[in-house]
Amino acid sequence: MILYFSATGNSLAVARQLAERLNEQLMPLTEAVHQDLTNEKRIGLVFPTYDFNLPPAMPEMIARLKMSPTSYVFTVVTCGSMVGNCIWVLRRILREKGIELAYSHKVSVPDNSALAFGRNPNKQLGKFERVPARMEQIIRELQAESHILHYSWFSLLSWLLGRPAVERGMIHFLGPKVNADKCNGCGTCVRVCPMENISLKNTQVAIIGDNCTVCLACVHACAQQAFRTNGQDVRKERQYRHPQIKLKDLLLR
């Protein structure tokens, strides 16, 4: 079983390839938390890093997973460059459940949060050139069920960035805001939000709730470019989605 969390398709593309090559089923992590996975002999967790740590929503979701301590559990993390404490934190959460992480690795991909800092993620597509070789290494090691933890060390800087106060500040700073003048109430953001944190209710303007994990799925999926981040409108040329992934693949409801 390959479980994934993906906002713009980077992690979904990796998870799909793993599922195909390892002959495993593919499932969104948001769905897996409601399933009994104790009979799964091999479970993969594929997700991105946010600010060199787990996405804010991930710790609770991982803690809720029903898995067997005898399963071969591995993770493949997608990131712009560094994983930070992502894998180290995941190991700690799994150990609290009596589960040991057997394998970990990373795949470098365009950073979809770059736009919040004024950069265009579509100008990072050159990173894909190195992905095939890395994926072949990962698949070869997973087929052998190797016990290797790549990039699993502790980082003090990443630990500081993951403090609750800093994390709340980052969510406030980077979190998406709706430009009511552009929103036409199409509902795409509602369907793509993994946290079910956006609603239309009785209005034609999207309303963002208090459970944002700053995945920016809504920002990149909006056809009206009706979202802002870091106080700036997000223009169409800065919206990103993995080239092998379609919008319909990311809709969760």
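Predicted model: local features only at pLDDT ≥ 70, side-chain atom pairs only at ≥ 80, totals over all residues.
1. For a closer look at one pair, take S1 and S4. Strand S1 (residues 2-4) runs parallel to strand S4 (residues 42-48), and three bridges join them. Tyrosine 4 has valine 46 in S4 as its bridge partner.

2. The largest nonpolar core holds 77 residues. Leu3, Leu18, Leu29, Phe47, Ile62, Leu65 and Phe74 have the most contacts inside that core. Helix H1 (residues 10-22) supplies the largest share of the core, seven residues.

3. Which residues does phenylalanine 74 contact, leaving aside its neighbours within four places in sequence? The list is Ile2, Leu18, Leu22, Arg42, Ile43, Gly44, Leu45, Leu101, Tyr103 and Leu142. One of them, Leu18, is also among the residues with the most contacts inside the core.

4. There is a second open sheet to mention. Its three strands are antiparallel, in the order S8-S11-S12. The edges are strand S8 (177-178) and strand S12 (232-233), each of which pairs on one side only. Strand S11 (residues 227-229) and S12 are antiparallel partners over two bridges, and threonine 229 stands opposite glutamine 232 in S12.

5. Two backbone angles deserve a look if you plan to go through the torsions. Most residues other than glycine have a negative phi. Glutamate 145, however, has a positive phi near 50°. This glutamate 145 is in the loop between H5 and helix H6 (156-161). Is glutamate 145 buried, partly exposed or exposed? Glutamate 145 counts as partly exposed because its relative accessibility is 36%, which falls between the 20% and 50% cut-offs.

6. The other case is leucine 216, whose phi is near 65°, again a positive value in a residue other than glycine. Leucine 216 lies in the loop between strand S10 (207-208) and helix H9 (217-221). Its relative accessible area is 3%, so leucine 216 is buried, the limit for that class being under 20%.

7. Finally, the chain as a whole. The secondary structure of the protein chain comes to ten helices and twelve strands. The radius of gyration is 18 Å, close to the 18 Å that the globule rule gives for 253 residues, so the chain is as compact as a globular protein of that length. Taken along the principal axes, the C-alpha atoms fill a box of roughly 55 × 35 × 35 Å.

8. Of the 253 residues, 51% count as buried. Among contacts between residues at least 6 apart in sequence, 77% join residues at least 24 apart. The protein chain exposes about 12,300 Å², and carbon and sulfur atoms supply 49% of that area.

Methods:
Residues numbered from 1 in each chain as written. Heavy atoms only, no water. Pairing = 2+ DSSP bridges. Helix = DSSP H or I, 4+ residues; strand = E, 2+ residues; numbered from the N terminus. Core = buried A, V, L, I, M, F, W, Y, C linked by side-chain atoms within 4.5 Å. Buried < 20%, exposed > 50% of the residue type's maximum accessible area, 1.4 Å probe, protein only. Contact = heavy atoms within 4.5 Å. Rg over C-alpha atoms; globule rule 2.2 N^0.38 Å. Areas by Shrake-Rupley, 256 points an atom, 1.4 Å probe, with all protein chains shown as cover.
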